[in-house]
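My entries follow the order in which I looked.

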Number of protein chains: 2
Amino acid sequence: MTRTYAQMCLVARAMDVLGERWTLLIIRELGLGPRRFSDMLDGLPGIGTNLLSARLKHLEHHDVVTRIPLGGPGHSHAYQLTERGEAITPILAGLAQWGAGLEAPPTDYADRTRWALFAMRAGAAEAGAVFDTVTELVVGEETFWMYGDGTQNQLRVGPAPVRPGLRLSCSRATLHALAAHRVSVAAAAASGDLTVDGDIDTATAFFAVFALPETAADVAKPRRGKKRR
Amino acid sequence: MTRTYAQMCLVARAMDVLGERWTLLIIRELGLGPRRFSDMLDGLPGIGTNLLSARLKHLEHHDVVTRIPLGGPGHSHAYQLTERGEAITPILAGLAQWGAGLEAPPTDYADRTRWALFAMRAGAAEAGAVFDTVTELVVGEETFWMYGDGTQNQLRVGPAPVRPGLRLSCSRATLHALAAHRVSVAAAAASGDLTVDGDIDTATAFFAVFALPETAADVAKPRRGKKRR
DNA sequence: CGGTATCCGCAAAGATACTG
DNA sequence: CAGTATCTTTGCGGATACCG
């Protein structure tokens, strides 16, 4: 270990393991299932390969992350959260919830669809809601799938490995609008912004569970009537 | 703002505000009520006055902390969490809960009674339990008081401002033993390690609610039968 | 592809002296 | 008591070179 707080306090000891820069964001990336080194670089713009490598070793040493072989072309492998690593998810959800209260960020910040999905799941976790139907989302070029494992909702990158009970297809902007409840599923489906493959009531229920926390921007600029004149 | 992740992700944006070294520990200290600069130094051994000063300014700027005047001798003042700052408490509780799973720290780490109380409260928060009776704790030279505010349990430094419904007095070691359920209230009271001023059943209920999360040390070395031979 | 290693410039952290 | 100022040390960011 490098720099420690040297306190018995459990918060301090957790921060001794998780408190270095990038560490929690690395765990966020792995919260969407096993990922390869280069996949993670995409979700951590600016990290530098040396730091990512050092952090992963550190987390592996503290039983937060494991390397798993990836039977494919070449001797490649991926990183995966351990059980103890998965236990960090509620903390990340809490941070996302709290972060929703901050003022709107500069528009040039990096954005990924999976981060919005992560925040949506945080909203569901806060409410203690579990969505049972296996759902596949196609947002732009990317595909995700979500399912309730009985206790909480899981979120994974890639196509669903089983036939999903619900399939939604839209742009990232429409996803945001639906999750923030600025537009209804019926309206988005009618306008063609959203394609629903399955029961439309189930789709409505999906966005009732996976609601984006109200942002400070929503509070500051409450939209009434028409928008953008 | 200085170093930012420049991501739209709500977790990253929360970490932009809270992620610097010492920041969450400062909030931990303020979670026990308003504190003066020098009080905080005691709970943050090794921080350096410049860093504490810089962090407090930063947190004040982001509406996590406010300065409040302290009508007393001299022109002194204290720092206090804002509503948004208080909202970070569940995140700290989650970190404490997670930190309990780590292996036992070196024995030369700094220790404070309030950190143990903080972890006990985290255990109660996890279980969703609220303890209504205003309780005063005298541990060694220090006095604390706790109360349920309807939603969650609050923890404060100093003597209770109202007559407490329960008053407990013991050493820090006994507090740990009681909270970890290694010894019962009845046994501790009988041996004189614990003084109960109030109903003994209420005292038992207190330690049922404020249980210390099981540590990795407890799991690794399960005590069976007699202890310390 | 999947990293590790090294170097440099800079910003943040640590330590301590000093001031209102 | 409540900080500010200053100096040193460490960690991070970014680039690039290298290896299985």
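**Entry 1: the sheet of chain B.** I began in S5(B), where B:Asn153 is the bridge partner of B:Gly148. This is a predicted model, in which local features need pLDDT of at least 70, side-chain atom pairs count only at pLDDT 80 or more, and totals for chains, interfaces and linings use all residues. Residues are numbered from 1 along each chain as its sequence is written, chains are lettered from A and ligands numbered from 1 in the order in which they are written, and side-chain values use heavy atoms, with hydrogens and water left out.

Helices (H or I, at least four residues) and strands (E, at least two) are DSSP runs, numbered from the N terminus. Strand S4 (residues 142-148) of chain B pairs with S5(B) over five bridges, in the antiparallel sense; two strands pair if DSSP finds at least two bridges between them. I then noted that helix H7 (residues 113-127) of chain B packs on the sheet and touches strand S3 (135-139), S4 and S5 of chain B. The direction of H7 makes about 175 degrees with that of S5(B). Axes here are lines fitted to C-alpha atoms, for helices over the stretch in contact, and angles run from 0 to 180 degrees between N-to-C directions.

**Entry 2: the sheet of chain A.** I read the strand order in chain A as S5-S4-S3-S6-S7, an open sheet of five strands with mixed pairing. Strand S5 (153-157) and strand S7 (194-197) of chain A are the edge strands, each pairing on one side only. Strand S6 (residues 166-170) of chain A runs antiparallel to S7(A), and four bridges join them. In S7(A), A:Asp197 is the bridge partner of A:Arg167.

**Entry 3: where the chains meet.** I found 51 residues from chain A and 51 residues from chain B in the contact (heavy atoms within 4.5 Å). The two chains bury about 4600 Å² between them, 71% of it on carbon and sulfur atoms; buried area is the accessible area (1.4 Å probe) that two parts lose on being put together, summed over both. In chain A, the most area is lost to chain B by A:Tyr5, A:Met8 and A:Trp98, together 17% of what that side buries.

How many salt bridges are there between chain A and chain B? I counted zero, taking a side-chain nitrogen of Lys or Arg within 4 Å of a carboxyl oxygen of Asp or Glu.
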